[in-house]
Amino acid sequence: MEQYRRNKKIIFVFLLPALLVYIIFECIPVLQSFYFSFFEWPGIQGVPLKYVGIDNFVALIKNTQFHQAMRNILLFVFVGLLTQLPIGFFFAILLYYTKHGQKFFKAVYFIPMILPVTATGLLWQFILKPNETGVLNNLLMKLGMENLCTGWLVDSKTAMICIILVTTWASVAYYIVIGLAALHSMPEDILESATIDGANTWKKVIYIMIPMIWESIKISVVMIITGVLKVFDMVFVMTEGGPNGLTHVPATLLYSQAFKYNHYGIGSAISTVMFLMSLALTIISLKIMNRDDEKKGKRKGGSKVWR
C-alpha cells in the first residue's frame, strides 16, 4: 500500500477525474465569461459576436444600478462578517459547554440551513408582507405598535437590511457546525491545565480556544466573503432586485442584464467583476489574518498567569 501512495502516477490517475470536472465546470466557464465580456452579443445562436473592447466595463462604471448593486454587496459582506461569524462561533462555544441536550440544540440551530433557499425566501416574504397581510405587521398591530408597521420589503430603507438579516438567519448554522467541530478537535488536557492554573471561562475562550481554532475562523471568513459575493437566490425570491432596483446585488443584476435584456456582454462583464472582487477580498482578508499570526509568533514572554 505504501508503494502506491508514493507513486505519483497513481496519485495523478485518481485525481484526474476530479481535476477534469473542476476544469470543465469551473475554469472554462470563468475564462469564457472573461472572453464574452469584451463582446456585444444577444445570446442568440447564429448572431455573430461584435467586439467592443472595454465598452461593457465602461458602461458598468456609468450605470447607477451597478453602483447600487456594488454598495449593496459591500454592505452584505460587512454585515455578514459582523454577524454570521461571531454569532456562529458564539453559539458553537455555548454548545461546547452544554453537556445536556447538545444534539437537540445542534439540530434546532441547523434547521434553517437544511431548508431550501427558495422555501426560506418565500417564508420570510410571507412574514414581511406589507400592511396587515404580513405576519410581522399583523403581530405589531395586535400588540398596539402600529407605528412600527411598514412595507419591509418594499421600503427602500428596510428592504436590503431585511434580506441581509434573513440570509444571516439561514447561514449562521453552518458556522456553528464548523466552530463546534474545531472546538471538539482541541486537546482537552490543555483546557484542563488552564483550569488548574486558575483560568476562568472567558480567559480560556480568548487565550486558548480562539487561537487554537484560528484556522477554522480564517476558512469561515473566506467562505462568507465568497458566499456573499455570489448571493442570488435569496434576493431574487424575496424582492427580485426591487423596489426600483434598490436591492440588486451583482448576481441579480447579471441575471437581469443577460437573461431579461439579452445583454450577454454586460452580464459577462459583471461576472468578471464579481470574480476579481471575490479574489481581491479573499487575498486581502487572508493577508490581514496571516499578518496577525506573524505578530503573535514574534511576541516573546513566559507562561501566562491567569488573573
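The largest pocket of this predicted model holds about 830 Å³ of space, where a pocket is an open set of points on a 1 Å grid over the protein atoms alone at which a 1.4 Å probe fits, with protein on both sides within 12 Å along at least five of seven lines. A volume is the space filled by probe spheres set on the points, which are joined across faces, edges and corners. This pocket is lined by 25 residues, and Pro-29, Val-30, Ser-33, Ser-271 and Phe-275 are the closest to its centre; lining residues have an atom within 4 Å of a point. Helix H14 gives the most to this lining, with 10 residues, and helices here are DSSP runs (H or I, at least four residues) numbered from the N terminus.

The second largest pocket has 22 lining residues, with Met-113, Val-117, Thr-167, Ser-171 and Gly-227 nearest its centre.

Residues are numbered from 1 along each chain as its sequence is written. Local features need pLDDT of at least 70 and side-chain atom pairs count only at pLDDT 80 or more, while totals for chains, interfaces and linings use all residues, and side-chain values use heavy atoms, with hydrogens and water left out.

How values were computed. Helix = DSSP H or I, 4+ residues; strand = E, 2+ residues; numbered from the N terminus.
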